[in-house]
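This briefing covers the ligand site, the helix packing and the backbone of the structure shown here.

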Amino acid sequence: MSYRVGYFVGSLSSTSINRILSKALISVAPEEFELIEIPIRDLPLYSPDYDADYPPQGRALKDAISAMDAVLFVTPEYNRSIPGALKNAIDWASRPWGQNSFDHIPAAVIGASTGPIGTAVAQQSLRGVLSFCNARQMTAPEAYVRFSYEDFEDDGTITSTRTEEFLRTFMAEFRDHIERVLTVLPRQEPV
Ligand code: FNR
C-alpha cells in the first residue's frame, strides 16, 4: 500500500531548521510514502468573510489536503505555541463550517528547536488544535528534536546514527498509524 503524505513546514524562514528536518524525514521515510509539501506561505490571513467564496490560495490548500492520505506537521515553537502562519493555514483548512479538511485525517506532529525542550510546548498547542479539528493523531512516539548542526547538514543529510534511527522509527510508526486509521476510516475520493 502506498500513501500520499502532505507535510506542512510551520516556518517561513529561509534558514529554517524545520525545513532541514523535513528533508531529513523524507530521507528516512518508508518506501510506501510519497511526501508532498503543502505550502502555507501565500495564504492571506483567514477571515470568515472568505467562506462564501474562497480565494485560489485557500482552495488550493483544501484541494491539496483532500488529495492526501495523511498529513505531517513539522513545526517550530514560537513563544511557546505554533507560528501564526501555521495556525492561519489550519484555520483556512478547517473552514467553511462543515467542510473541515482535517476530519478523520491521519496526522503526526514533529518539530525542531534550538532550545532544550525541542518544541514540546508548541506540539501540545498544535495537538489541541488538531484534536478540535478531528484529525486522527499519532500520539506515540513523540518527537522533540533539539536541533544541532552536528546531527544535520543543510540538505537534510543526517550525520548522527542515533538521530537517523530515531527519525526512521518515527516515520515507520507513522506508516503503521496511517494504516490502522485508514482501515477503519478510509479517505473519501477528492471531489
Ligand atoms: C523562537 N524560538 C523559540 N524556541 C523555543 O524553543 N521556544 C519558543 O517559544 C521560541 N519562541 C520563538 C519565537 C520567535 C518569534 C522566534 C523567531 C523564535 C527559537 C526557535 O526555536 C528558533 O528560531 C528556530 O530556529 C525556529 O525554527 P525555524 O524557523 O528555524 O524552523
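**Ligand site and helix packing**

A polar side-chain atom of Asn18 lies 2.8 Å from an oxygen atom of the ligand, a polar contact being a pair of N or O atoms within 3.5 Å; within protein, one must be able to donate a hydrogen and the other to accept it, and residues adjacent in sequence count only if both atoms are side-chain atoms. The model is predicted: local features need pLDDT of at least 70, side-chain atom pairs count only at pLDDT 80 or more, and totals for chains, interfaces and linings use all residues. Residues are numbered from 1 along each chain as its sequence is written, and side-chain values use heavy atoms, with hydrogens and water left out.

**Ligand**

- The side chains of Ser11 and Ser16 each place an N or O atom 2.6 Å from an oxygen atom of the ligand.
- On its own the ligand has 620 Å² of accessible area, of which the protein covers 70% (Shrake-Rupley method, 1.4 Å probe; for residues, only the protein chains shown count as cover).
- Around the ligand (a heavy atom within 4 Å) are residues including Ile17, Pro76, Tyr78, Arg80 and Thr114.
- This shell divides into 3 nonpolar, 7 polar and 2 charged residues (Ala, Val, Leu, Ile, Met, Phe, Trp, Tyr, Cys and Pro count as nonpolar, Asp, Glu, Lys and Arg as charged, and the others, Gly among them, as polar).

**Helix packing**

- Helices (H or I, at least four residues) and strands (E, at least two) are DSSP runs, numbered from the N terminus.
- H1 (residues 17–27) packs on H5 (residues 161–184) at about 70 degrees, with axes 9 Å apart; axes are lines fitted to C-alpha atoms, for helices over the stretch in contact, and angles run from 0 to 180 degrees between N-to-C directions.
- H1 is therefore roughly perpendicular to H5 (65 to 115 degrees; under 35 is roughly parallel, over 145 roughly antiparallel, the rest oblique).
- Leu21, Ala24 and Leu25 of H1 contact Leu167, Phe170 and Met171 of H5 (heavy atoms within 4.5 Å), giving 6 nonpolar, no polar and no charged residues.
- The axes of H2 (residues 56–66) and H3 (residues 84–94) come within 9 Å and cross at roughly 80 degrees, so H2 is roughly perpendicular to H3.
- Gly58, Leu61, Lys62 and Ile65 in H2 meet Ala89, Trp92 and Ala93 in H3; by class, 5 are nonpolar, 1 polar and 1 charged.

**Backbone**

- Arg95 and Pro96 are joined by a cis peptide bond with omega about -5 degrees.
- The Ala140 to Pro141 bond is also cis, with omega near 0 degrees.
- Thr119, not a glycine, has a positive phi of about 75 degrees.
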